[in-house]
Amino acid sequence: MAERTAIALDPRSVSIPAGGVTLEGELVLPAAPRGLVIFARGSGSSRPSPRNRLVAEWLQRSGFGTLVLDLLSAPEERIDAITGALRFDIGLLAGRLGRATTWAASLPATRALPLGYFGASTAAAAAVLAAAWAPRLVGAVVSRGGRPDLAGAHLRDVRAPTLLIVGENDTSVLRFNRAALVELGAEAKQLAIVPGAGHLFEEAGTLEHAARLAEAWFTRYLHA
């Protein structure tokens, strides 16, 4: 495989109103972007985390714009760090992701772009649920180490092509994803198991493997 060349892109900090709170995010748009992938995050890793940044930069080098988004406000993050409850409020997270999607669909720089979601952990369930609510807006979904099963009965309402990426050694999450795959209503759906990977994809080369899978999925399905 050819070496991937680093590119210089200017990130833009954005603030998105969402029902009484303001969501903070970072928008990066390559020249002539082929689509926009919204990275949904509920709690547990900061927006500039190495995992988010690596996958986002991988997609940017492939010509995709990215919007890396916090679905919880800073005060909510502090509450969730103690209670752990808000990260499991899938309806709340999906509603906010939907508002961000509407915002992106109305922004002059991105409104003509096909939109996709990338979610990890419980935010993957929010991505699946938001995709079920907005089938005309969302063109593809990728979950990495996520809990799409938490979308419950709404899994069968999803129409966007959906890829579930799970580490080989993340056995409990793998079990949840196998069950979710059966329930997904999307015609195009797939479970991809990354050899040697745990839940956080910290093992050498495993996150890059997941990024390649995501890139291939968005390239195949995210188009106008």
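A charge sits over a ring if NZ of Lys or CZ of Arg is within 6 Å of the ring centre and within 35 degrees of the ring normal. The close-ups below come from a predicted model.

**Close-up A. Two arginines lie over the ring of F176.** R175 lies over the face of F176, at 5.5 Å from the ring centre. R147 also places its charged end over the F176 ring. For R147 the distance to the ring centre is 3.8 Å.

Close-up B. The loop runs between strand 6 (138-144) and strand 7 (162-167). Leaving aside residues up to four places away in sequence, D149 touches L155, F176 and A180. L69 is 80 residues from D149 in sequence. In space, the C-alpha atoms of D149 and L69 are 22 Å apart.

**Close-up C. Helix 3 packs against helix 4.** Helix 3 covers residues 90-106, and helix 4 covers residues 122-133. Their axes lie 8 Å apart, at an angle of about 60°. That angle makes helix 3 oblique to helix 4. The crossing of the two helices is right-handed.

**Close-up D. Residues from both helices build the contact.** Helix 3 contributes I90, G91, L93, A94, G95, L97 and G98. Helix 4 contributes T122, A125, A126, A127, L129, A130 and W133. Of the residues in this contact between helix 3 and helix 4, ten are nonpolar and four are polar. No charged residue takes part in it.

**Close-up E. Aromatic pairs occur in the structure.** The structure holds three of them. A pair of aromatic rings is described by the distance of the centres and the angle of the planes.

Conventions. Residues numbered from 1 in each chain as written. Predicted model: local features only at pLDDT ≥ 70, side-chain atom pairs only at ≥ 80, totals over all residues. Heavy atoms only, no water. Axes fitted to C-alpha atoms, helices over the stretch in contact; angles between N-to-C directions. Helix = DSSP H or I, 4+ residues; strand = E, 2+ residues; numbered from the N terminus. Parallel < 35°, antiparallel > 145°, perpendicular 65-115°, else oblique. Left-handed = near helix turned anticlockwise from the far one by under 90°. Contact = heavy atoms within 4.5 Å. Nonpolar A, V, L, I, M, F, W, Y, C, P; charged D, E, K, R; others polar. Phe/Tyr/Trp six-rings, centres within 6.5 Å; stacked < 30°, edge-to-face > 60°.
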